[in-house]
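Here are some exercises to work through with the model open beside you. Try each task before you read its solution.

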Amino acid sequence: MTAFSAIGADVESSKDDFTPGVEPQPTWCPGCGDFAVLKALKGAMPEVGRSPEEVMLVTGIGCSGKLSSYFESYGYHAIHGRSLPVARAAKLANPGLEVVAAGGDGDGYGIGGNHFMHTARENHDMTYIVFNNEIFGLTKGQTSPTSPKGHKSKTQPSGSAKDPVRPLTLSLASGASYIARTAATNPRQAQEILKEAIEHDGFAHIDFLTQCPTWNKDAKEYVPYTDIQQDDEFDFDITDRREAADVMLEAENRLYEGEVLTGRFYQDSERPSYGEEKRSTGEMPEQPLAERYFDDDVEWERSADELVGRHT
Amino acid sequence: MSDSGLKWRIAGGSGDGIDSTSQNFAKALMRSGLYVFTHRHYPSRIRGGHTYVEVRADDEPVKSRGDGFNFLLSLGDSFARSEKEGAVYGKEKLKPLSENLDDLNEGGVIIYDTGLIDEEATEEINLEERAEENDWHVYPIDLRGLAREHGREVMRNTAGIGFTAAMLGIETEPFEKLIGEAMSGDAKDANIEILNIAYEQAQEMETTHDLQVPEGSHDEEMAMMSGSDSISYGALDEGCRFIAGYPMTPWTDVFTIMSQNLPHFGGISEQVEDEIAAASLALGASHAGVKAMSGSSGGGFALMSEPLGLAEMTETPVVLVEAMRAGPSTGLPTKPEQSDLEHVLYTSQGDSCRVVFAPANVREAYDQTRKAFELAYSYNLPAIVVYDQKIQGELRTVPIDFFDREPTEELEGVLTEEELEEAAHDQAGKFQRYRHDVEDGSNPRSIPGQKGGRHLATGNESQAVGHIEEDPDNRKAQMDRRMRKLSSIREDLDSMDSSHQTYHGPADADQGILVWGSQQDTVFEAVDRLNARGEEVKALGVSDLMPYPESDVTAFLESVDDCLVVEMNATGQFRGLTQKELGRFGDKLSSLLKYDGEPFEPGEVVEGFESSVNGGEPPGKNMVIEPAAGD
């Protein structure tokens with residue numbers, strides 16, 4: 001008997017099930033890359049056999065954070081940079097949930113960078129989508145952690161003196177076990193990658209290039225793109241950290257030279273997820289913790305029986 | 001109570017085992033039928049640096065540290081830096097003796113370890129002269145030598161206990177038993193041997209003091225607990241099964257106790273990258289259906305400000321504990337202060353909508369932590385238990401029956417899937433989690449994974465199913481509804497059988513003392529002494545800080561001519577809160593403040609009260625009096 005019957009229920013779902021009613025309609029600008037993330041996520045969820053009420057989507061702040069408003073599921077629209085700590089605890093509390101976190105490049109690689117590093121290190125079984133548009137959009141066009149060096153904005157009037165963050169390399173070094181980059185301009189690949197990421201048992205990070213037509217007019221539309229799995233130049237083993245690191249470096253460099261390399265960069269399917277690790281040390285219960293409060297058969301421990309005797 | 005009984009202080013360097021030795025000493029006294037209370041003083045250092053613990057013991061319940069102390073076991077600092085290293089901290093080895101003399105009562109007893117403290121060196125601090133002036137009884141003993149001869153040098157603490165026991169007329173049997181519980185093999189045998197040799201040697205010594213330990217007995221089995229223990233046990237008994245945290249003194253104690261016990265209680269503990277993450281994880285776990293907590297001390301709690309506001313806005317229940325220490329910034333990391341009151345009440349943007357309790361002692365820490373969880377989860381809002389280094393570390397005797405309670409098994413404030421079928425949904429089938437029209441302000445919630453419960457929880461203002469909404473009428477209605485929870489909670493608290501506010505002293509007294517949190521019991525002891533001296537004074541100890549106990553405090557203040565507000569901070573934060581909440585009494589309220597890193601002693605409150613009321617000498621010991629408005 002479960003208190004959460006949406007989880008694991010054998011129901012067919014469709015894209016439409018993940019679409020809210022008439023409202024709210026997305027408020028993203030025409031031509032915004034964010035629409036592509038929404039579409040790919042709606043397409044991927046039925047493919048992995050999930051229905052809206054077993055999905056928890058946690059978002060940060062910014063245009064990307066609105067994803068949870070336009071995607072029909074349990075949603076938690078948190079604060080800037082903090083989607084990951086909220087999301088990973090939800091996964092620990094109820095491992096049956098399909099947990100997805102999402103935010104922008106400022107959210108994930110800037111203010112939330114510490115959480116990104118540690119969530120990847122711990123290898124929580126969840127998916128993290130970073131909307132990377134190389135700009136702060138909702139605050140109207142400031143330089144972001146992934147803006148190219150020399151990028152001029154109202155807050156960097158003489159051009160940024162900083163090298164951009166290398167999201168893929170950072171992810172690999174931190175410990176993510178699935179790392180991919182896709183682009184809004186490549187919807188078919190985006191949906192496939194999202195599906196793989198959701199199915200991957202560990203921390204799956206997707207650097208999703210989402211053009212900002214309003215505030216990053218100078219930026220390329222992320223076309224033409226090259227799928228590294230389809231290109232002979234990149235014949236490498238995605239399970240090999242060293243080879244993956246080389247290709248990531250190449251992809252990060254070439255993005256700023258006008259060439260968009262997308263695809264799967266790294267996958268380690270052998271590494272146990274954090275939940276598995278924690279269960280093996282005896283520090284996580286076998287039964288989902290959230291079930292405990294609804295389960296009449298649970299014997300609740302008391303401090304009077306277990307602990308007070310140590311103090312006498 | 002009078003300031004009688006034993007006030008034993010053991011002093012040494014950090015790392016000399018002062019803490020564990022004092023705990024065993026206190027426990028042995030408790031087992032022999034006495035009531036005990038401990039007070040810890042330690043520097044922010046791992047090895048070396050002067051540290052001490054006081055154990056106060058008597059045949060009636062002890063609720064506060066005493067005025068100074070009457071027995072000093074000075075071990076010397078085995079990690080002291082040599083003067084040759086150019087240490088600028090003075091003669092560190094001597095500090096466990098020299099630093100303690102100012103507080104030693106007249107007629108007090110001193111044992112010091114000549115193995116570490118040269119008898120010649122004591123001339124530099126005029127020990128002989130001072131002993132004569134104060135009628136101290138000084139016993140230089142080579143504890144280190146004795147320990148070395150029969151075991152290892154670190155066992156000199158045991159030798160000190162042997163001498164203490166003999167000189168105070170305590171049997172060695174409870175100590176032997178405690179050594180047996182903690183050790184085995186050679187270490188156990190050597191310690192027991194040293195204990196007994198020291199005891200015998202002391203009995204053969206010629207002594208001059210009269211101080212003895214009183215005899216006592218308990219009618220029921222007692223336990224010795226700290227505030228950190230009881231906060232943790234309260235959380236576990238109330239059904240908390242998730243904690244996330246980051247180490248910071250003095251909150252680390254609660255985090256440690258929870259982390260060690262949660263796996264055996266079927267729960268999860270997470271040590272994470274920072275306090276922003278810690279609070280955010282607690283929210284994530286709670287939203288997903290688990291009773292969760294986090295906590296920190298001042299600086300770490302500051303990092304939790306934004307998640308705290310998110311909990312208020314998304315109406316995600318959570319309990320945070322804040323162990324105050326002297327600030328600002330890193331301040332005095334191991335010393336108590338009550339200067340984070342405004343911090344916990346108001347931190348995070350927007351109007352506060354949270355519960356804040358400040359327990360006075362071990363019992364209240366247990367009860368109020370449970371209440372914090374109950375209210376947080378019934379009303380879907382954050383609740384904070386604010387305490388300090390004093391409550392965290394002090395050990396007290398509590399009957400074990402006190403903890404014989406039923407655990408709370410359910411998650412309050414949620415709907416089951418069956419109930420969700422009947423609940424209101426919008427046209428698209430989203431659950432109306434945030435309806436305007438709930439009388440007590442709190443909507444029940446659904447949990448992710450439940451059928452029929454999907455909705456959006458957002459830090460933006462939102463409408464009934466959680467869609468972001470900026471409409472002015474909706475905004476006003478949602479704000480009013482959320483704030484309504486506080487008045488509902490106040491009504492709940494006011495109708496409880498036993499109030500969180502504690503009255504002490506004669507009801508018809510015309511002088512009042514107002515006190516909150518950890519200083520309550522110290523003030524109550526002072527009130528007893530003041531009344532014994534002919535003053536007519538009563539005290540009100542306040543634990544509810546938000547929602548503020550308006551009727552309790554108003555009635556109290558109306559019943560007195562003047563009221564002294566006693567707190568450990570420099571700006572009179574609780575006095576300010578009281579005036580803000582009640583909007584009057586400014587001309588009745590004066591302050592007695594202390595913010596030097598040491599909690600009040602009862603005698604200091606007596607002195608402070610007399611000088612504030614009778615206009616006598618300004619009080620000593622770094623205390624400050626702020627007169628009432630208009631005075």
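Two strands pair if DSSP finds at least two bridges between them. Helices (H or I, at least four residues) and strands (E, at least two) are DSSP runs, numbered from the N terminus. The model is a predicted one: local features need pLDDT of at least 70, side-chain atom pairs count only at pLDDT 80 or more, and totals for chains, interfaces and linings use all residues. Residues are numbered from 1 along each chain as its sequence is written, while chains are lettered from A and ligands numbered from 1 in the order in which they are written.

**Exercise 1. Find which strands pair with β17(B), and in which sense.**

Step 1. Start at β17(B) and look at strand β18 (residues 537-542) of chain B: the two pair in the parallel sense over 6 bridges. Here B:Gln511 stands opposite B:Val537.

Step 2. Follow the chain from β17(B) to β18(B): the path goes through helix α19 (residues 520-532) of chain B, and this β-α-β crossover is right-handed. Right-handed means that, with the strands pointing away from the viewer, the path from the first strand over the helix to the second runs clockwise.

Step 3. Now turn to strand β20 (residues 562-567) of chain B, which runs parallel to β17(B) and is joined to it by 5 bridges. B:Leu514 has B:Val565 as its bridge partner there.

**Exercise 2. Decide whether β17(B) is buried or exposed.**

Step 1. Take the cut-offs: a residue is buried if 20 or more other C-beta atoms, placed from the backbone, lie within 10 Å of its own, exposed if 12 or fewer, and partly exposed in between.

Step 2. Apply them to residues 511-516 of chain B: 6 of the 6 are buried, so strand β17 is largely enclosed by the rest of the structure.

Step 3. Check the two faces. In a regular strand the side chains alternate between the two faces of the sheet. B:Gln511, B:Ile513 and B:Val515 lie on one side of β17(B), with B:Gly512, B:Leu514 and B:Trp516 on the other, and all are buried.

**Exercise 3. Continue from β20(B) to its partner β21(B), and then to β22(B).**

Step 1. β20(B) and β21(B) run parallel, joined by 5 bridges. One pair to look for is B:Leu564 opposite B:Ser590.

Step 2. β21(B) (residues 589-594) is mostly covered, with 6 of its 6 residues buried.

Step 3. Strand β22 (residues 623-626) of chain B runs antiparallel to β21(B), with 4 bridges between them. B:Ser591 stands opposite B:Glu626.

**Exercise 4. Describe how chain A meets chain B.**

Step 1. Count residues in contact (C-beta atoms, placed from the backbone, within 7 Å): 56 residues of chain A touch 62 residues of chain B.

Step 2. Ask which element of chain A gives the most to this side. The answer is α3(A), with 8 residues.

Step 3. Look for strand pairing between the chains: β2(A) and strand β15 (residues 456-458) of chain B pair in the parallel sense over 3 bridges. A:His77 has B:Thr458 as its bridge partner.

How values were computed: Two residues are in contact if their C-beta atoms, placed from the backbone, lie within 7 Å.
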